[in-house]
Amino acid sequence: MSGVRHLYVHLPFCAQRCGYCDFVTVVGRRGGHGAYIEALVAELSLQRELLAPELETVFLGGGTPTFTEPAALERLLRALPPAAEVTVEANPETVTPALAALLGRNGVDRISIGAQSFQPRLLRVLDRVAGPDDVRHAFYHLCDAGFGNISLDLIYGIPGQEPFELEADIEEALRLGPEHLSCYELEAKPGTRFTHAHGEELARQAEALEGYFERVVELLLAAGYRWYETANFCRQPELAGGRDLRSAHNLAYWRGRDYLGLGIGAVSTVAGRRWRTTARLPQYVQALGRGELPPRELELLAPAVQREERVLLGLRLDEPLALPPVADRVDRTALERLERLGLARVVGAPDAEALTLTPRGRRLGGGVTAELLA
């Protein structure tokens with residue numbers, strides 16, 4: 001159980017909890033940021049033997065990592081092992097020139113900004129603190145600090161969102177010219193305030209969302225972005241100086257690579273074992289203060305489950321999925337029918353077949369993949 005090359009670090013602190021969010025978050029608690037960071041550093045030390053000497057990716061997610069008290073955030077960044085790609089999620093209102101400089105001098109080379117929308121009315125529906133100008137200012141601060149790999153997150157399917165507002169959001173994002181865009185359909189997650197307030201409306205507009213998604217894809221492809229994963233787009237290499245601007249960290253998830261997660265609520269998948277760390281902040285900090293790993297739930301992944309996940313995740317990408325390693329999880333009859341319908345195709349030599357969804361199949365999404373599973 002050694003040689004993991006992908007590390008996720010969870011920073012749960014937020015200024016407030018958005019109504020649609022179901023992630024493990026902690027509101028405020030600035031006085032506790034330092035203690036949590038020390039616990040993270042201790043967990044990293046206890047788990048270091050699982051990691052390769054050199055990492056491919058590190059990803060700081062949340063929560064709002066950039067809400068973390070600056071000295072504590074810098075302490076963490078300096079303690080992390082170096083990696084070829086280091087991503088930090090940021091909410092726009094937290095990004096200042098000083099923060100951008102802090103990230104830049106501590107090895108961060110990729111930033112993901114949670115813009116969500118450029119429409120003030122829709123941002124209020126989402127309980128977002130930042131406004132459109134905050135997004136623009138954050139983007140420019142990061143550009144001024146020398147960051148050349150910035151991603152924007154957008155959400156579509158917001159209650160009351162009109163098609164022209166979706167197009168306006170895409171146009172505003174393209175005006176900034178980010179290297180990467182993630183465009184997510186808003187989901188009503190069970191137990192959230194948002195589901196209680198808007199669940200019925202989201203259910204009513206579900207059919208319209210397919211058209212919204214198609215418009216997102218159409219606009220971004222026309223603007224020179226590669227639709228490399230269901231919800232993710234990056235500039236084509238020829239428009240980016242030959243650089244591959246896909247999220248290397250998320251590609252590791254979609255390709256079924258092992259990864260280690262640190263922090264409350266973090267998930268790890270290593271050598272056929274998956275565990276989720278306790279979401280309770282006091283338990284986490286106290287255990288690591290004693291030099292012990294925090295409580296966690298462990299799941300053993302059967303080989304058949306791993307192969308099934310490989311199909312589910314791999315077909316989200318625009319690259320072919322090798323068939324021989326997952327052949328027993330693919331329903332050949334369903335595959336032949338989907339080929340006739342123009343939704344999937346098999347490519348490659350008979351002894352090295354690979355499976356891919358057509359653009360139309362990708363637009364229909366998870367329903368096509370679910371049919372393929374044996």
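Select helix 2 (residues 70–79) and helix 3 (residues 97–105): their axes come within 10 Å and cross at roughly 15°. The model you are viewing is predicted. Angles under 35 degrees count as roughly parallel, so helix 2 and helix 3 are roughly parallel to each other. The crossing of helix 2 past helix 3 is right-handed.

Now show side chains at this contact. Helix 2 contributes Pro70, Leu73, Glu74 and Leu77. From helix 3 come Leu99, Leu102, Leu103 and Arg105. Sorted by class, the contact of helix 2 with helix 3 holds six nonpolar residues, two charged and no polar.

**Next stop: helix 1**

Select residues 33–47, which form helix 1. Check its length with a distance between the end C-alpha atoms: they lie 21 Å apart. Colour the buried positions of helix 1: His33, Tyr36, Ile37, Ala39, Leu40, Val41, Glu43, Leu44 and Gln47.

Bring in residues 281–289, helix 10. Helix 1 packs with helix 10 at an angle of about 55°, and their axes are 9 Å apart. At that angle, helix 1 is oblique to helix 10. Which hand does the crossing of helix 1 and helix 10 have? It is left-handed.

On the helix 1 side, pick Ala35, Tyr36, Ala39, Leu40, Ala42, Glu43 and Leu46. They meet Leu281, Tyr284, Val285 and Leu288 of helix 10. By class, the contact of helix 1 with helix 10 has 10 nonpolar residues, one charged and no polar.

**Then Asn91**

Go to the loop between strand 5 (83–90) and helix 3, and select Asn91. Is Asn91 buried or exposed? Its relative accessible area is 16%. Buried means under 20%, so Asn91 is buried. Setting aside neighbours within four places in sequence, Asn91 is in contact with Thr64, Thr66, Gly114 and Arg128.

**Last stop: Ala138**

Select helix 5 (residues 132–144) and centre on Ala138. Ala138 is buried, with a relative accessible area of 0%. Beyond neighbours within four places in sequence, its contacts are Pro92, Val95 and Ile113. Finally, draw a C-alpha to C-alpha distance from Ala138 to Ala115: 9.8 Å in space, against 23 residues in sequence.

How values were computed. Residues numbered from 1 in each chain as written. Predicted model: local features only at pLDDT ≥ 70, side-chain atom pairs only at ≥ 80, totals over all residues. Heavy atoms only, no water. Helix = DSSP H or I, 4+ residues; strand = E, 2+ residues; numbered from the N terminus. Expected span 1.5 Å × (residues − 1). Buried < 20%, exposed > 50% of the residue type's maximum accessible area, 1.4 Å probe, protein only. Axes fitted to C-alpha atoms, helices over the stretch in contact; angles between N-to-C directions. Parallel < 35°, antiparallel > 145°, perpendicular 65-115°, else oblique. Left-handed = near helix turned anticlockwise from the far one by under 90°. Contact = heavy atoms within 4.5 Å. Nonpolar A, V, L, I, M, F, W, Y, C, P; charged D, E, K, R; others polar.
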